[in-house]
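Subject: Two-chain model for your files

Hello,

I am passing on the structure we talked about, with notes on what was found in it. Please read them with the coordinates open.

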Amino acid sequence: MLEINNINVHFGVIHALKDVSLTVNEGEIVTLLGANGAGKTTTLRTASGLKKPTDGNILLNGKDITQTSAQERVKMGISHVPEGRRVFPAMTVLENLELGAYLRRDRAEINKDLKMVYDRFPILYDRKKQSAGTLSGGEQQMLAIGRALMSRPKILFLDEPSMGLAPLLVQEIFSIIKDINETGTTILLVEQNASMALQIAHRAYVLETGSIVLSGTGSELMQSEDIRKAYLGG
Amino acid sequence: MEQLIQQIINGISLGSIYALIALGYTMVYGIIKLINFAHGDIYMLGAYIGYFCMTTLKLGFLPSLIAAMLICTLIGMAVEKIAYKPLRNATRIAVLITAIGVSLFIEYGTMFFVGAGVRTYPEITGLLAKRFQFGSMVVSMQQIMIVATTIVLMTILQIIVRKTRIGKAMRAVSLDKDAAQLMGINVNTTISFTFALGSALAGAAGILVGVYYNSINPLMGVMPGLKAFVAAVLGGIGIIPGAMIGGYLIGIVEVFVSGYGSSMYREAVVFAILILILIVKPAGILGKNIREKV
């Protein structure tokens, strides 16, 4: 479904991504692991169009989208939950969710999806009139995911959804991610919490200082000695 | 007492003008963090467009108002596209200097076409010339019209910003550009629309001032532009209701200083307010830092 071929990304003189290639097939959860500064977020931002690669190309369902703008990519079925959640703090929960469906005009279907999001995250329904800035971290994460689902994505990018959340909430978020995937959305997940991510991922890639150094199925990587040492604490 | 009420009425009329201009400053700042110093000159152009509509084309007030707003909208969008859009990723100081350049360009460009002299708006007759006397107080129809027009425009603006799709996009872009793009919002279109709205309001302010004070000149936008900027900062720059409050406050303060003190000091007082607010509460009256929870 999503194919990234040999992309290079620069920030000024810094070479952030070096010949990164990865594939996400339809129906999969693929996770991208790596330490801080390895280039995980940059990979997602390049795939969703917020950052343009210096070379290489990105294909979505076989179509080259390397030069396509971020908003066009949303229309094509990419939805990105950015690092740090990035909800619109001064707007209400409902307004945030409505913005998720910004490009859609099918009012009836939007309401259906709104109900779907509220069913999945009942707390958002309770707080729909509240401004998003007043939500707790976990609630904001749910809002960010709910907002991303409102565009009816074919593929969902999640950037560190567990960051800063209490362990119990982390469990919950991961089971929600699994559930979203089982209802037909392909997922590309960036995580620092490697053990949780590998448990739900079909396949995984490991990034180190801008290059992919390892890839395999979730269980393969869980067994890998290097991974255990570097990311799983033993 | 009657004099006090009279001053407040005058202050509200003047404040309406400042509020209309301040809205454009604040919206543009909110969305691209630029103090658009050319904004006062759009107001001046609004006054000239109104002038030509009413004299050369012999149009009435309302058609002239609409024409001034529409043409200013187009000019505002053109300025954004030509001068600011290419600098989207430039440093803020570069854009600020460009804004000053645009301001001078519009001022002296206008002078080239219409001359540097003062022009006088046509004498208002009929309904708009009416004055109402209450004891020693006088309320002119023009003042009522200024305030009424301002209230109508502000209401429309609020509806656009709060309720419409593009209004929500504006707020989203001003809060978080990247996240807005991820919603599928076209940031450039939204910025352009913001300039359009602000310029339309400035155009309206221009023609209202023309009708009220009669005389217009190509540099008339400089001082009201700066004062409206002070109003926007006073209310909390980037906050739409703040610009309205700031505009009215500055208008009332200015009229009071002229009325009870000396009109020589009215500008000094306005800028003293700017200095004071920057020392005491830099975020402005309505400004607060929204802290994000982690």
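How much of chain B, in percent of its 294 residues, counts as buried? The share is 49%. Please keep in mind throughout that this is a predicted model.

Chain B

The secondary structure of chain B consists of 11 helices and four strands. Its radius of gyration is 19 Å, which agrees with the value near 19 Å that a compact globule of 294 residues would have. The C-alpha trace of chain B spans about 60 × 45 × 35 Å along the principal axes.

Chain A, overall

Chain A has 10 helices and 10 strands. For its 234 residues the globule rule gives 17 Å, and the radius of gyration of chain A is 17 Å, so the chain is as compact as a globular protein of that length. Along the principal axes, the C-alpha atoms of chain A fill a box of roughly 45 × 40 × 30 Å. Buried residues account for 46% of chain A. Among contacts in chain A between residues at least 6 apart in sequence, 66% join residues at least 24 apart.

The six-stranded sheet of chain A

Six strands of chain A form an open sheet in the order β6-β7-β8-β3-β9-β10, and the pairing is mixed. Why is one side of β6 and of β10 in chain A left without a neighbour in the sheet? Strands β6 (78-81) and β10 (211-217) stand at the edges and each has a single partner strand, so one side of each has no neighbour there. On average, neighbouring strands of this sheet are turned by 15° against each other, with direction ignored.

Within the sheet, β3 (residues 29-34) and β8 (residues 186-191) of chain A are parallel and share five bridges. In this pair, A:Val30 is opposite A:Leu188 of β8(A).

Helices on the sheet

Helix α1 (residues 40-48) of chain A lies across β3, β6, β7 (155-159), β8 and β9 (203-208), and runs at about 150° to β7(A). Helix α6 (residues 137-149) of chain A lies across β6 and β7, at about 170° to β6(A).

Is α1(A) mostly covered or mostly uncovered? It is mostly covered, with nine of its nine residues buried. Among them are A:Lys40 and A:Arg45, as well as A:Leu44 and A:Ala47. After α1(A) comes A:Gly49, which has a positive phi near 95°.

Strands β1, β2 and β4 of chain A

Which strands are joined to β1 of chain A by bridges? One is β2 (residues 14-24), which runs antiparallel to β1 (residues 2-11) and is joined to it by seven bridges. In this pair, A:Ile4 has A:Leu22 of β2(A) as its bridge partner. The hairpin of β1(A) and β2(A) has two residues between the strands, and A:Gly12 there takes a positive phi near 60°.

Another strand joined to β1(A) is β4 (residues 55-60) of chain A, also antiparallel, through five bridges. Here A:Leu2 is opposite A:Leu60 in β4(A).

Regards

Methods. Residues numbered from 1 in each chain as written. Chains lettered and ligands numbered in written order. Predicted model: local features only at pLDDT ≥ 70, side-chain atom pairs only at ≥ 80, totals over all residues. Pairing = 2+ DSSP bridges. Rg over C-alpha atoms; globule rule 2.2 N^0.38 Å. Buried ≥ 20, exposed ≤ 12 C-beta atoms within 10 Å, placed from the backbone. Contact = placed C-beta atoms within 7 Å. Axes fitted to C-alpha atoms, helices over the stretch in contact; angles between N-to-C directions.
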